[in-house]
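Please look over the notes below alongside the coordinates.

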Amino acid sequence: MEMKKAGKVHYLEPRIFAESEASVQGFTTRHEGVSRAPYNSLNLGTNTFDSLHNVKGNRSLLARAFGTRMERLVTVNQAHGTDLLVIDAPNPDYSHFLKLECDGIITNQPGVMIGVCIADCVPLLLLDPVKKVAAALHAGWKGTAGEICSKGVEALVKMFNCKPADILAAIGPGIGPCCYEVDTPVMEAFKKNGSGWDLFAAERGEGRWGLDLSAANRHQLALAGLREEHIETSELCVSCNHDLFFSYRRDGGDTGRQMGFIMLQK
Ligand SMILES: [Zn+2]
């Protein structure tokens, strides 16, 4: 992924989408927003103790940087589940979806920016450049153990006739295995679904593991039929990179949110 700038917004752009001009997308950093510490400065999450006025200013900044309006930037009330919102009809204002509890958004509507807010969890973007459908998914350990990626791909296939071999995926920066230690309940949740725990968790002592959330989601996408070469993963850990990203664990819970966003072009 490559660091880019649109308007004032500094963001990471996945190379995997570059060839297709079907969409604009990326993963924001914390730079150049209007929020003050500890939300400094591009805090895009409405579920923090930051002033809503500042968050709205930041969301508007992001929308305008890509030629749209804040009313067409859709995020939801993320609940660490695997429910998905599908937007397949136009609407002049999408802000009411902010209250809807789910963890992924899928759309075939051009000019609608869909996003997931994160500060440790992994943001994922999917694009089918053939059928022109995009998705943004939020995957913490619960969403990953619940296989939100598999469900996202399944929804694209069932509802929009997408072929998994056509789908491109970008796994954005979340907390890396270097900084993400988990315990037995997390291991049990993963093993219940039988989804390859040993492939992405390294034991660090009695009942403690370093979990690689990106690798777990990559594994799911591959099982869902995506080609290995169609999956791009950011190597950046949000906790290690204080200057670039917010991290919920590192910052003791009081911090901002960056966003993985994607918008189909008209
Ligand atoms: Zn780290």
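The points below go from the basis of the model to the whole chain, and then to single elements and residues.

1. Basis. This is a predicted model, in which local features need pLDDT of at least 70 and side-chain atom pairs count only at pLDDT 80 or more, while totals for chains, interfaces and linings use all residues. Residues are numbered from 1 along each chain as its sequence is written.

2. Overall form. The chain holds six helices and 15 strands; helices (H or I, at least four residues) and strands (E, at least two) are DSSP runs, numbered from the N terminus. Its radius of gyration is 17 Å, close to the 18 Å that the globule rule gives for 266 residues, so the chain is as compact as a globular protein of that length. The radius is taken over C-alpha atoms, and the rule is 2.2 Å times the number of residues to the power 0.38. Along the principal axes, the C-alpha atoms fill a box of roughly 50 × 45 × 30 Å.

3. Of the 266 residues, 48% count as buried (buried: 20 or more other C-beta atoms within 10 Å of the residue's own; exposed: 12 or fewer; partly exposed: in between; C-beta atoms placed from the backbone). Among contacts with a separation of 6 or more, 63% come from residues 24 or more positions apart; a contact requires C-beta atoms, placed from the backbone, within 7 Å.

4. An open sheet has the strand order 1-2-3-15-7-4, with mixed pairing; two strands pair if DSSP finds at least two bridges between them. Strand 1 (2-6) and strand 4 (73-74) are at the edges with a single partner strand each, so one side of each has no neighbour in the sheet. Strand 4 runs parallel to strand 7 (residues 113-118) and is joined to it by two bridges. Leu 73 has Met 113 of strand 7 as its bridge partner.

5. Strand 6. On which sides do the residues of strand 6 (residues 104-107) point? Gly 104 and Ile 106 point one way, Ile 105 and Thr 107 the other, and all are buried. Four bridges pair strand 6 with strand 5 (residues 84-87) in the parallel sense, and Thr 107 is opposite Ile 87. Strand 6 is also joined to strand 9 (residues 133-139), antiparallel, by four bridges, with Ile 105 opposite Ala 136.

6. Helix packing. Helix 3 (residues 148-160) packs on helix 6 (residues 213-223) at an angle of about 35°, the axes being 8 Å apart. Axes are lines fitted to C-alpha atoms, for helices over the stretch in contact, and angles run from 0 to 180 degrees between N-to-C directions. Helix 3 contributes Cys 149, Ser 150 and Val 153 to the contact, and helix 6 contributes Asn 217, Gln 220, Leu 221 and Leu 223. These residues divide into four nonpolar, three polar and no charged (nonpolar: Ala, Val, Leu, Ile, Met, Phe, Trp, Tyr, Cys and Pro; charged: Asp, Glu, Lys and Arg; polar: the others, Gly among them).

7. Gly 256. This residue is in the loop between strand 14 (231-233) and strand 15 (258-264). Gly 256 counts as buried because it has 28 C-beta neighbours inside 10 Å. Beyond four places in sequence, Gly 256 touches residues including Arg 30, Tyr 39, Asp 50 and Phe 246.

8. Asp 183. Outside four places in sequence, Asp 183 is in contact with Gly 207 and Arg 208.

Note on methods. Two residues are in contact if their C-beta atoms, placed from the backbone, lie within 7 Å.
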